[in-house]
Amino acid sequence: MQDDDLVFRALADPVRRLLLDALFQRDGRTLGELETVVNEHVEMTRFGVAKHLKLLEQADLVVSRKKGRQKLHHLNPVPIQQIHSRWIGKYTERAGIAALLLGLKQQVETPEPTKDDTP
């Protein structure tokens, strides 16, 4: 499976997005801390959270490091930036041009009020 496919698959799940948001807010969290964050929104076992983290690690969105007896999870934003550069950026640029053209079209097609239209 290509790297982009892994990233899109990882981002497709709301629990995994929740985990990424939690790591964005505060990096270097343990599995227990992330389980608490997830359980504030949906009920999930520690094993379920670990499975989601494993998929995020496979997509290289999360990197984990051992610190003593703890395993800390860190956000890796690089794959998301690569997705943005490859897919979103070019469409955003084109969407900006389309938005300008639509605004111009609406301005040209909207009749200006005449003296008869005013109360």
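The protein chain has a radius of gyration of 23 Å, whereas a compact globule of 119 residues would come near 14 Å. The model is predicted.

Me: What box do the C-alpha atoms of the protein chain fill along the principal axes?
Reply: Roughly 80 × 35 × 20 Å. Of the 119 residues, 30% count as buried. The chain exposes about 9000 Å², and carbon and sulfur atoms supply 56% of that area.

Me: What pattern does the protein chain follow along the sequence?
Reply: The order is α-α-α-α-β-β-α. That is 5 helices and 2 strands. Among contacts between residues at least 6 apart in sequence, 49% join residues at least 24 apart.

Me: Why do strands E1 and E2 count as paired?
Reply: Pairing needs at least two bridges between the strands. E1 (residues 62-67) and E2 (residues 70-75) are joined by 6 bridges, so they pair. The two run antiparallel.

Me: What lies between E1 and E2?
Reply: The two strands form a hairpin with 2 residues between them. Gly 68 sits in the turn and has a positive phi of about 65°.

Me: Which residue other than glycine has a positive phi near 65°?
Reply: Asp 60. Asp 60 is placed in the loop between H4 and E1.

Me: Why is Asp 60 called partly exposed?
Reply: Buried means under 20% relative accessible area and exposed means over 50%. Asp 60 has 41%, so it falls in between and counts as partly exposed.

Me: Why is His 52 called buried?
Reply: His 52 has 13% relative accessibility. The limit for buried is under 20%, so the label holds. His 52 is found in helix H4.

Me: Which residues does His 52 touch, leaving out those up to four places away in sequence?
Reply: Asp 13, Val 15, Arg 16, Leu 19 and Met 44.

Me: Which residues of helix H3 are buried, and what do they pack against?
Reply: In H3 (residues 31-39) they are Leu 31, Gly 32, Leu 34, Glu 35, Val 37 and Val 38. They pack against helix H2 (14-25), helix H4 (46-58) and E2.

Me: What makes Glu 35 a buried residue?
Reply: Its relative accessible area is 19%. Buried means under 20%, so Glu 35 qualifies.

Me: How do you know that Arg 46 and Glu 35 form a salt bridge?
Reply: The rule asks for a side-chain nitrogen of Lys or Arg within 4 Å of a carboxyl oxygen of Asp or Glu. The closest N and O atoms of Arg 46 and Glu 35 are 3.1 Å apart, so the pair meets the rule. The pair links distant parts of the chain: Arg 46 is in helix H4, Glu 35 is in helix H3, and they are 11 residues apart. Arg 46 is partly exposed, at 44% relative accessibility.

Me: How many salt bridges does the rule give?
Reply: The count is 3. One of them joins Glu 33 to Arg 26, with the closest N and O atoms 3.3 Å apart. Glu 33 is partly exposed at 29%. Arg 26 is partly exposed at 39%.

Me: Why are Lys 105 and Glu 109 separated by about one helical turn?
Reply: They are 4 residues apart in helix H5, which means about one helical turn. Lys 105 and Glu 109 form a salt bridge, with the closest N and O atoms 3.3 Å apart.

Me: Which residues form the nonpolar patch on the surface?
Reply: Phe 8, Trp 87, Ile 88 and Tyr 91, with about 380 Å² of accessible area together. Helix H5 (residues 78-109) gives the most to the patch, with 3 residues.

Definitions and conventions
Residues are numbered from 1 along each chain as its sequence is written. This is a predicted model: local features need pLDDT of at least 70, side-chain atom pairs count only at pLDDT 80 or more; totals for chains, interfaces and linings use all residues. Side-chain values use heavy atoms; hydrogens and water are left out. Patches are made of residues with over 30% relative accessible area and no salt bridge: like charges are joined within 9 Å, nonpolar side chains (Val, Leu, Ile, Met, Phe, Trp, Tyr) within 5 Å. Accessible areas come from the Shrake-Rupley method with a 1.4 Å probe; for residues, only the protein chains shown count as cover. The radius of gyration is taken over C-alpha atoms; the globule rule is 2.2 Å times the number of residues to the power 0.38. Buried means under 20% relative accessible area, exposed over 50%, partly exposed in between (1.4 Å probe, protein chains only). Contact means heavy atoms within 4.5 Å.
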